[in-house]
Amino acid sequence: MKFSRLILANLFRKKVRLILTIGSFAVALFLFAFLAVVKDAFGRGADVAGADRLVTINRTSIINPIPLSYRDKILRIPGVKVVTHNNWFGGIYQDERNFFPQFVIDPENQRQVVPELIVPDDQWANFLKDRQGAVVGAKTAERFHWKIGDRIPIKTTIWGGGNWEFNIDGIYHGKRPQDDETQFWFQWDYFEEHVPAGVKGNVGWYVLRLNSPDDAVRVAKAIDDEFANSPYETRTQTESAFAANWVKQFGNIKFLILSIGAVVFFTLLLVTGNTMAISVRERTSELAVLKAIGFGDRTILFFVLAEAITVSLFGGLLGLGLAILAVPALAKALNGLLPSLVLSTTILGGGLAVALLVGLISGLLPGIGAMRMRVINALRRV
């Protein structure tokens with residue numbers, strides 16, 4: 001701390017250059033945080049998937065149905081604890097931009113299969129008694145200002161068209177911050193009443209919970225073998241594998257984000273390293289004088305590294321601060337078009353670590369050059 005005034009005086013010598021360098025760090029760290037948030041959003045399905053859950057879909061495609069009659073056969077396979085089924089509804093609330101996932105659920109078993117999504121018992125009881133009842137995630141309810149007792153019209157173009165009316169009987173919350181609180185559930189019986197005759201008795205996919213995660217491979221094989229060579233063959237995967245395969249349909253998001261992040265890191269390193277090299281070159285004579293009056297080589301290296309790290313710290317904090325303000329606003333503006341964007345403390349900590357690492361590396365080479373500088377050669381340039 002005793003050298004802090006000297007370090008700050010050197011930093012503020014070229015104010016425009018200092019502002020531009022800090023700005024470069026801020027923009028780069030903001031971009032880093034945003035990319036990390038998007039990557040986390042697309043990968044969250046696999047991260048929050050239950051280790052004891054399997055998903056069974058039609059072997060051809062998830063858009064192809066599976067008979068409801070498969071439920072009892074799946075339940076008889078040793079190791080299966082409980083089975084529920086879902087259908088994608090794909091309705092529109094007021095405007096196509098108001099996207100949120102809507103699922104037809106099996107109300108008898110939904111809570112046993114996904115216990116991390118919590119609905120109060122009294123609300124669930126009302127939902128079970130109401131054929132037109134619906135349960136909605138807390139984030140979607142907050143987004144549209146829905147409350148218990150509201151009547152919601154949703155238009156569908158898939159299941160025969162027309163407006164379907166729902167009563168909000170419950171609002172669920174996730175146990176963990178990363179749990180999906182955007183879904184909209186309604187009852188299978190109400191769905192069956194309104195869909196065309198050719199669709200009745202078919203579900204989109206099954207989600208089953210096992211007695212033990214160790215049974216996953218055996219049970220998955222047993223299910224697929226059970227329905228092999230039938231008109232509706234199945235493919236059964238762990239929930240994490242299913243979520244990962246779903247994300248792959250959007251392309252290799254992880255590779256794309258990592259590539260952009262690497263380019264940003266390398267560019268920032270070049271910009272900062274060049275700035276520090278110029279700064280050291282401009283002060284060659286001053287550093288020589290410091291060495292001449294008794295400052296050691298390590299102290300000179302410390303001066304240069306401290307300047308680089310100070311710039312990276314302030315720039316990084318500024319960029320991450322902007323991300324803290326911008327990510328929630330961006331998530332709201334996207335209206336559910338992307339998975340929920342969450343700026344976690346892990347991302348913030350990682351961003352700060354990246355900023356400090358860039359500062360350290362960018363100041364290391366100029367600092368070593370200043371440390372090894374011979375006093376007589378440096379003063380000869382004056």
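How many of the five residues of strand β6 (residues 133-137) are buried? The legends below take up this and other close-up views. The model is predicted, so local features are reported at pLDDT of at least 70 and side-chain atom pairs at pLDDT 80 or more, whereas totals for chains, interfaces and linings use all residues. Residues are numbered from 1 along each chain as its sequence is written, and side-chain values use heavy atoms, with hydrogens and water left out.

**View 1. Strand β6 is mostly covered, with five of its five residues buried.** Buried here means under 20% relative accessible area, exposed means over 50%, and partly exposed lies in between (1.4 Å probe, protein chains only). Strands are DSSP runs of E with at least two residues, helices are runs of H or I with at least four, and both are numbered from the N terminus. The cover extends to both faces of β6, with G133, V135 and G137 buried on one side and A134 and V136 buried on the other. Strand pairing requires that DSSP finds at least two bridges between the two strands. On this basis β6 runs parallel to β8, joined by five bridges, and antiparallel to strand β9 (residues 184-187), joined by three bridges. Within these pairings, V135 has G170 in β8 as its bridge partner, while V136 stands opposite I171 in β8 and also opposite F184 in β9.

**View 2. Strand β8 (residues 163-174) is mostly covered, with nine of its 12 residues buried.** Besides its parallel pairing with β6, β8 is joined by five bridges to strand β7 (residues 151-155), and these two strands run antiparallel. In that pairing, I154 stands opposite W164 in β8. Strand β5 (residues 117-118) likewise runs antiparallel to β8, joined to it by two bridges, and I118 stands opposite H173 in β8.

**View 3. D179 is placed in the loop between β8 and β9, where its side chain makes polar contacts.** A polar contact is a pair of N or O atoms within 3.5 Å; within protein, one atom must be able to donate a hydrogen and the other to accept it, and residues adjacent in sequence count only if both atoms are side-chain atoms. D179 counts as buried because its relative accessibility is 4%. The side chain of D179 reaches the backbone nitrogen of K175 at 3.1 Å, and a polar contact of 2.7 Å joins the side chains of D179 and R176.

**View 4. Aromatic rings form 26 pairs in the model, among them F89 with F166 and F103 with W205.** Rings of Phe, Tyr and Trp (its six-membered ring) are paired if their centres lie within 6.5 Å, and planes under 30 degrees apart count as stacked, over 60 as edge-to-face and the rest as tilted. The ring centres of F89 and F166 are 6.3 Å apart and their planes stand at 90 degrees, so this pair is edge-to-face. The pair links distant parts of the chain, 77 residues apart, with F89 in the loop between β3 (80-88) and β4 (102-105) and F166 in strand β8; both F89 and F166 are buried. For F103 and W205, the centres are 5.8 Å apart and the planes stand at 85 degrees, so this pair is edge-to-face. It links strand β4, which holds F103, to strand β11 (residues 205-210), which holds W205, across 102 residues of chain, and both F103 and W205 are buried.

**View 5. L313, F314, L317 and L356 form a nonpolar patch on the surface.** Together these residues have about 340 Å² of accessible area, as calculated by the Shrake-Rupley method with a 1.4 Å probe, where only the protein chains shown count as cover for residues. Helix α12 (residues 297-334) gives the most to the patch, with three residues. L313 is found in helix α12 and counts as partly exposed because its relative accessibility is 31%.

**View 6. Q94 and H145 each have a positive phi in a residue other than glycine.** Phi of Q94 is near 65 degrees, and Q94 lies in the loop between β3 and β4. With a relative accessible area of 66%, Q94 is exposed. Phi of H145 is near 60 degrees, and H145 is placed in the loop between α6 (138-144) and β7. With a relative accessible area of 68%, H145 is exposed.

Notes: Patch = residues over 30% accessible without salt bridge, like charges linked within 9 Å, V, L, I, M, F, W, Y side chains within 5 Å. Salt bridge = Lys/Arg side-chain N within 4 Å of Asp/Glu carboxyl O.
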